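Reader: I have a two-chain model on the screen. Can we go through the contact between the chains, then the strands and the charged pairs?

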Protein chains: 2
Amino acid sequence: MAEIKHEHEACKKTILAVHDAMDVLGGKWKISIVASLGFGKKRYSEILKDVTGISGKMLSRELKDMEANLLVNRYVIDTKPVTVEYELTPYGHKLKSVIKNLADWGNLHRKTIMGK
Amino acid sequence: MAEIKHEHEACKKTILAVHDAMDVLGGKWKISIVASLGFGKKRYSEILKDVTGISGKMLSRELKDMEANLLVNRYVIDTKPVTVEYELTPYGHKLKSVIKNLADWGNLHRKTIMGK
DNA sequence: CTGTATCCACCTTGATACTG
DNA sequence: CAGTATCAAGGTGGATACAG
């Protein structure tokens, strides 16, 4: 009985935690952007090329969100024309294991659902 | 040079895999539902209580999606009134490590962004 | 190059009422 | 209990043009 109660608490707690994470990562593109930056510092135009399908507007918007949530740092380099680089914060780096898991599952998924 | 090339390929591959995963888990509620079912078989009304904020319509719709993607199994038990149970497929179970990572990060996030 | 502003079509979601 | 049907509202994202 106490065990069942405990299970239930753990369940609710997990759902809450996952919800909190998704609040920050919820956009259509954020996880892909984190995946891209997981491979190192990138320029705006590089991310644009990495993340197939995203528009410039969306990339700006998502990056701004992520900066506000302390996931990425933004550096403006005063070349001409301007260069801007983004990188994961140490905090954002902690998402890399999530990304790894997700990528592994995504590969499995492609093999399972779509034919190989 | 070959290393840089290799890095870039790995990056694109990861982003694609993550995108595939997100195609299936993309809804506002799907990850929370997986988290709930990760703790065992549940009835429709139990999930409804677990996942704070979801409406009945959305729960039905998301579950139907997930069933189509082989993430959950649906069992109708012929009581009166009807009982319906959902559970993760073995395939869906493979998402549990993703959920765990995400929950850990979500807890960290709450402590980091919101004050503890 | 790295954005911002505007306009707009579409989609997702919630509320409510209803069915077996 | 476990859904479905309908409607309305707001959010989401694309295209385009423009700016620093």
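Author: A salt bridge here is a side-chain nitrogen of Lys or Arg within 4 Å of a carboxyl oxygen of Asp or Glu. The model is predicted.

Reader: Which helix gives the most residues to the side of chain A that touches chain B?

Author: There are 8 residue pairs in polar contact between chain A and chain B, both residues at pLDDT 80 or more. On the side of chain A, the elements that give two or more residues are helices H1 (2-25), H2 (30-37), H3 (44-50) and H6 (96-112). With 14 residues, the one that gives the most is H1(A).

Reader: How much area do chain A and chain B bury between them?

Author: The contact takes 44 residues from chain A and 44 residues from chain B. In chain A, the residues that lose the most area to chain B are A:Phe39, A:Tyr91 and A:Trp105, together 18% of what that side buries. Carbon and sulfur atoms carry 71% of the total, which is about 4,200 Å².

Reader: Which residue is the bridge partner of A:Tyr75 in S3(A)?

Author: Strand S2 (residues 72-77) and S3(A) run antiparallel, joined by 6 bridges. They form a hairpin with 5 residues between them. In S3(A), A:Tyr75 pairs with A:Glu85.

Reader: And which residue in S3(A) does A:Lys42 stand opposite?

Author: Strand S1 (residues 42-43) of chain A is joined to strand S3 (residues 83-88) of chain A by 2 bridges, and the two run antiparallel. The side chain of A:Lys42 also meets A:Asp50 in a salt bridge (2.7 Å, N to O). Both A:Lys42 and A:Asp50 are buried. Across in S3(A), A:Lys42 faces A:Tyr86.

Reader: How far apart in sequence are the parts that A:Lys30 and A:Glu62 tie together?

Author: The closest N and O atoms of A:Lys30 and A:Glu62 are 2.9 Å apart, in a salt bridge. A:Lys30 lies in helix H2 and A:Glu62 in helix H4 (residues 56-68) of chain A, so the pair ties together parts that are 32 residues apart.

Reader: Is A:Glu62 buried or exposed?

Author: Buried means under 20% relative accessible area. A:Lys30 has 5%. A:Glu62 has 6%, so A:Glu62 is buried.

How values were computed. Residues numbered from 1 in each chain as written. Chains lettered and ligands numbered in written order. Predicted model: local features only at pLDDT ≥ 70, side-chain atom pairs only at ≥ 80, totals over all residues. Heavy atoms only, no water. Contact = heavy atoms within 4.5 Å. Buried area = accessible area lost by both parts, 1.4 Å probe. Polar contact = N/O pair within 3.5 Å; in protein donor to acceptor, adjacent residues only side chain to side chain. Helix = DSSP H or I, 4+ residues; strand = E, 2+ residues; numbered from the N terminus. Pairing = 2+ DSSP bridges. Buried < 20%, exposed > 50% of the residue type's maximum accessible area, 1.4 Å probe, protein only.
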